Amino acid sequence: KYGFQKIENLAWVLGIGWFVATLVVFLVGWVYAERALLPIKKLIGKVDEVTASRLDLRVEIPQEQDEIGQLAQRFNRMLDRLQEAFLTQKAFVSNASHELRTPLTAIRGQIQVALMDDDPDEWKQTLESVLEDTQNLTKLSNGLLTMASVSVEENTVALAPVSLQRIFEEVKNELLKAHPSYTVLLNSPPTADTTVLGNNALLRIALLNLTENGCKYSPNHTVNVAFKKQGVFQQITFQNTGNPIAADELPHIFKPFRRAANSARIAGHGIGLSLTERIVWLHRGSIAVNSSTQEGTTFTLQLPI
């Protein structure tokens, strides 16, 4: 009987001890879990505050460089990219709206003035001016549509071996037909085997933009073009003798609607170079520009062979 009482007391002690130990473990575990998950809760709360109009918010990065700290860093970098993309899109829409509004306003004003005049000669001059504005508006619209169509992922553009010699000949003939006063000098012409991996239509646009700009911004409307192989790349240079681009403007000339000070008196919309850069990027190539008073302005294009 004495032994059974001791065993019964031991059972009570073990039961109460198990209950107390379980309660202590639960409370301690809950406290430590709360502390461990606190950075994640803060991260979730900050993420919920981020909206399209509040992309300037950033997540606080913990002192410890653990997984939570790395996650916060990656999230802030993603917000940086998103904010840059939103600002670029906002600026693009604003500039595009302005560029489209200007010729439309001019066309409307000229038509209103013509309706108040009964002179046929005045009507003819007005129609010619409206036609010129309409052509510029069409060119701008086509540029915007092309820029929108190439703003896609790299793997969605169909690439195939294409002949740069044939593409450049078509570009040259098209440019000289539209502008008989332009001159395209080939210092080092492409050969029949000058082929790259690219999209024929997009490469035509890029080469036409660079060739036309070279002629447009040169006092004698002449551009010097040279083809040269550089390792696994085909290099093409477009050099003109126009007024040089300021050094502080060079990093920005590939941005949409950004034009250098030397182009203030020359008609344009500032989308050709940004479109060209996008096309070159889709072809896994590179484009660079150098400008000086002695050598003029040179655009260097490299495409993978």
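I listed the contacts of Thr222, leaving out residues up to four places away in sequence, and found Thr183, Leu185, Gly214, Cys215, Gln239 and Asn240. I note that this is a predicted model. I placed Thr222 in strand S4, which covers residues 222-230.

Next I went through the salt bridges, of which the structure holds five.

I looked at Arg58 and found a salt bridge to Asp80, with 2.7 Å between the closest N and O atoms. This pair links distant parts of the chain, 22 residues apart: Arg58 is in the loop between helix H1 (2-49) and helix H2 (67-115), and Asp80 is in helix H2. I have Arg58 as partly exposed at 23% relative accessible area, and Asp80 as partly exposed at 39%.

I then checked Arg204, which forms a salt bridge with Glu174, the closest N and O atoms being 2.9 Å apart. Here too the pair links distant parts of the chain, with Arg204 in helix H5 (residues 200-216) and Glu174 in helix H4 (residues 164-178), 30 residues apart. I noted Arg204 as partly exposed at 24% and Glu174 as partly exposed at 37%. Through shared partners, salt bridges join Arg166, Glu170, Glu174 and Arg204 into one network.

Last, I looked up Lys41, which pairs with Glu34 in a salt bridge at 2.9 Å between the closest N and O atoms. Lys41 is partly exposed at 45%, and Glu34 is partly exposed at 33%.

Note on methods:
Residues numbered from 1 in each chain as written. Predicted model: local features only at pLDDT ≥ 70, side-chain atom pairs only at ≥ 80, totals over all residues. Heavy atoms only, no water. Helix = DSSP H or I, 4+ residues; strand = E, 2+ residues; numbered from the N terminus. Contact = heavy atoms within 4.5 Å. Salt bridge = Lys/Arg side-chain N within 4 Å of Asp/Glu carboxyl O. Buried < 20%, exposed > 50% of the residue type's maximum accessible area, 1.4 Å probe, protein only.
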